[in-house]
Amino acid sequence: MKSKASAPGKVILFGEHFVVYGVKAILCAIDKRITVTAEKTKERKISIKSNIGKLELEPNKLISEINSPLKPFYYLADKIIKNYETGIKITVESDIPLGVGLGSSSACCVAGAAAISRLFSYATKEEILKLAIEAEKTIFENTSGADCTVCTYGGIMEYDKKNGFTKIKSKPNFHLVIANSNIEHSTETIVAGVREFKENNEEEFSRLCKEESKLIEDVLNELKTNNIIEIGKKVIQNQEYLEKIGISNNKLKEMVKIGHSESFGAKITGAGGGGCIFALTDDSNLNNTIKQFKNNKYDCFAVKIDFKGLDTF
Ligand code: PMV
């Protein structure tokens with residue numbers, strides 16, 4: 001018997017870094033997915049196969065002793081098969097580039113939690129999300145859970161530390177052109193750098209947090225009418241704030257400039273320091289934006305918002 005589930009990646013549209021200090025962020029799921037297939041095996045082993053490698057272990061190992069990006073799958077399988085006699089085989093297929101801030105690990109945790117748990121019994125989306133966040137904590141202990149939430153439910157949502165998640169009702173029709181710097185980054189290191197910036201520039205940082213909060217409220221209003229031109233202006237403004245807190249670099253600045261030249265606005269998405277940027281477009285400027293990136297030899301691809309979230313087969 002096999003069970004299959006897929007979950008989308010995500011993009012932080014607005015508010016990364018400031019969200020750590022209580023400001024709202026806006027995230028959306030994207031139509032690039034990770035698909036996980038789980039099947040029971042007679043041999044009591046947990047084996048995981050993906051395009052970034054393999055992991056094969058007996059159950060009951062200490063998670064802290066496993067040094068593999070695949071350990072969330074091991075965590076999930078080990079937890080779920082505790083009351084059964086079976087082993088488990090997991091196959092992961094991804095069309096989300098890995099480790100560049102597009103939610104690949106959250107999508108793995110959500111699709112993994114769904115595929116593995118549904119091999120044994122029905123689980124609701126809420127139960128799957130809870131399991132997925134537990135699994136994500138094996139690789140990023142301080143996760144807010146925002147990524148797993150948007151990967152589970154799809155669509156756009158606002159998030160803040162105090163109030164958690166609220167799904168945004170509007171269904172904007174924009175395209176995001178995502179360009180990858182191919183520079184690896186560590187979210188934890190960059191978040192620590194921003195903390196240092198804050199400690200050395202308390203007043204400026206507090207002013208930027210206020211400006212970012214105002215910007216997010218404006219975007220939430222503009223989303224109601226799908227005012228892409230105004231939203232694009234906010235993308236540009238948000239990028240300026242990110243530059244100020246020191247998470248950009250020459251390559252990212254150049255990419256943002258290229259993205260901006262034909263689109264409504266471009267900015268870093270996620271931690272920065274590397275990873276990806278996006279350019280906000282609609283049908284009128286999508287192709288020219290892609291052309292600009294390609295002419296300048298940058299990897300890029302277009303996505304739309306995914307409104308489906310977790311899907312099980
Ligand atoms: O690089 P990503 O997509 O994992 O995003 C990190 C987002 C931060 O705001 C920088 C950190 C956080 O925990 O919210």
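Domain bounds here come from an automatic or database domain assignment. The model is predicted: local features need pLDDT of at least 70, side-chain atom pairs count only at pLDDT 80 or more, and totals for chains, interfaces and linings use all residues. Residues are numbered from 1 along each chain as its sequence is written.

**Exercise 1. Domains**

State which domains are assigned, how many Å separate their centres, and which strand gives the most to the domain 1 side.

Solution. 
- Start with the bounds. The assignment gives domain 1 (2-167) and domain 2 (175-304).
- Count the contact (C-beta atoms, placed from the backbone, within 7 Å). Domain 1 puts in 21 residues and domain 2 puts in 24.
- Look at the strands (DSSP runs of E, at least two residues; helices are runs of H or I, at least four; both numbered from the N terminus). On the side of domain 1 that touches domain 2, β1 (2-14) and β2 (25-41) each supply at least two residues. β2 gives the most, with four residues.
- Sort by class (Ala, Val, Leu, Ile, Met, Phe, Trp, Tyr, Cys and Pro are nonpolar; Asp, Glu, Lys and Arg are charged; the others, Gly among them, are polar). That side of domain 1 has 12 nonpolar, four polar and five charged residues.

**Exercise 2. Ligand shell**

Describe the residues around the ligand by class and by domain.

Solution. 
- List members (C-beta atom, placed from the backbone, within 6 Å of the ligand). Among them are Ile12, His17, Ser144, Thr187 and Gly275.
- Class them. The shell has five nonpolar, six polar and one charged residues.
- Assign domains. Domain 1 and domain 2 each provide at least three residues of the shell.

**Exercise 3. Helix α8 against helix α9**

Find the angle and the axis distance for α8 and α9, then name their relative direction.

Solution. 
- α8 (residues 250-262) and α9 (residues 286-295) pack at about 150°, with axes 8 Å apart.
- Apply the cut-offs (under 35 degrees roughly parallel, over 145 roughly antiparallel, 65 to 115 roughly perpendicular, the rest oblique). α8 and α9 are therefore roughly antiparallel.
- Name the contact. Ile258, Gly259, Ser261 and Glu262 of α8 meet Asn288, Thr289, Gln292 and Phe293 of α9.
- Class the contact. It has two nonpolar, five polar and one charged residues.

Definitions and conventions: Two residues are in contact if their C-beta atoms, placed from the backbone, lie within 7 Å. A residue is near a molecule or strand if its C-beta atom, placed from the backbone, lies within 6 Å of it. Axes are lines fitted to C-alpha atoms, for helices over the stretch in contact, and angles run from 0 to 180 degrees between N-to-C directions.
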